[in-house]
Amino acid sequence: MISDNLDRIYQELPSGVKLVAVSKYHPVEAVRQAYDAGQRCFGESRPQEFAAKVGELSSLNDIEWHFIGHLQTNKLKLVLPYASLVQSVDSTRLLDEIDKWGRENGRKVNLLLELHLGAEETKQGFTEEEILDIMFRASDGKFPGVRICGLMGMATNTDDMSVVEADFERIDGFMAYLVDLFPEMEGFDQLSIGMSGDWRVALRHGATMVRIGTSIFGERQY
């Protein structure tokens, strides 16, 4: 089932767009099935679960782990040594602490800045103005312990695809604006938008990564 689901997605996914298989709340066995079907990039959102899966699957040394959930600053040690990309940096405090960890450990942590563009007040993330301020500071070398690789966003949680389309169009436009404004920011070229219900819409608006869980693994198992 997992391999069939992946095959269907691979057939539609353009070359150059990375599939992040969202394995959160699914057992290690499901990750192994996806791995055996050819999937290599997996996304987790809870630090303890992330660290446990990394440990259990440490023999599969070509897995690429992304952290995609809200990350508390007291959980950095569970995530940063192993994450290829932290997709969900949603506050200046978290950004500062990741930068500090990177400097102290001789690393540049790859991350995305999470843009809050949906209507829900409960969502984490930055406004466009806050991201613009961070980018100006980053271009001046203020965050030597991180590498800002792009933006991550989620559309409004709605069945109205015109609203989703407008959200993705907005973040795509903002991404293009930042790329033009900060040409010196090497590697700032990743846009992570689109999940199981709307990833095809995201592809029309510049997505370089899509985060798909339910359409691969089914409903969460724990």
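**Asp 189**

I started with Asp 189, which sits in the loop between α7 (161-181) and β7. Helices here are DSSP runs of H or I with at least four residues, strands are runs of E with at least two, and both are numbered from the N terminus. I was working on a predicted model, where local features need pLDDT of at least 70, side-chain atom pairs count only at pLDDT 80 or more, and totals for chains, interfaces and linings use all residues. Residues are numbered from 1 along each chain as its sequence is written, and side-chain values use heavy atoms, with hydrogens and water left out.

The cut-offs are under 20% for buried and over 50% for exposed, with partly exposed in between (1.4 Å probe, protein chains only).

Next I looked up its neighbours. Leaving out residues up to four places away in sequence, Asp 189 touches Cys 149, Met 175 and Thr 208; contact means heavy atoms within 4.5 Å. Its side chain also makes a polar contact of 3.0 Å with that of Gln 190. For a polar contact I need a pair of N or O atoms within 3.5 Å; within protein, one must be able to donate a hydrogen and the other to accept it, and residues adjacent in sequence count only if both atoms are side-chain atoms.

**Ser 192**

I moved along to Ser 192, in strand β7 (residues 190-192). Ser 192 counts as buried because its relative accessible area is 0%. With residues up to four places away in sequence not counted, its contacts include Gln 87, Leu 112, Met 209 and Arg 211.

What does β8 pair with? I found β1, in the parallel sense over four bridges; two strands pair if DSSP finds at least two bridges between them. Lys 18 has Met 209 as its bridge partner in β8.

β1 also runs parallel to β2, joined by two bridges. There I noted Phe 42 in β2 as the bridge partner of Ala 21. Both faces of β2 (residues 41-44) are covered too, with Cys 41 and Gly 43 buried on one side and Phe 42 and Glu 44 buried on the other.

**Tyr 25**

Tyr 25 has a positive phi of about 70 degrees although it is not a glycine. Tyr 25 counts as buried because its relative accessibility is 17%.

**Glu 128**

Last, I checked Glu 128 in helix α6 (residues 128-139). Glu 128 is buried because its relative accessible area is 18%. Which side chain does Glu 128 join in a polar contact? I found Arg 170, at 2.7 Å. Arg 170 is also on its contact list, along with Leu 115 and Phe 174, when residues up to four places away in sequence are not counted.
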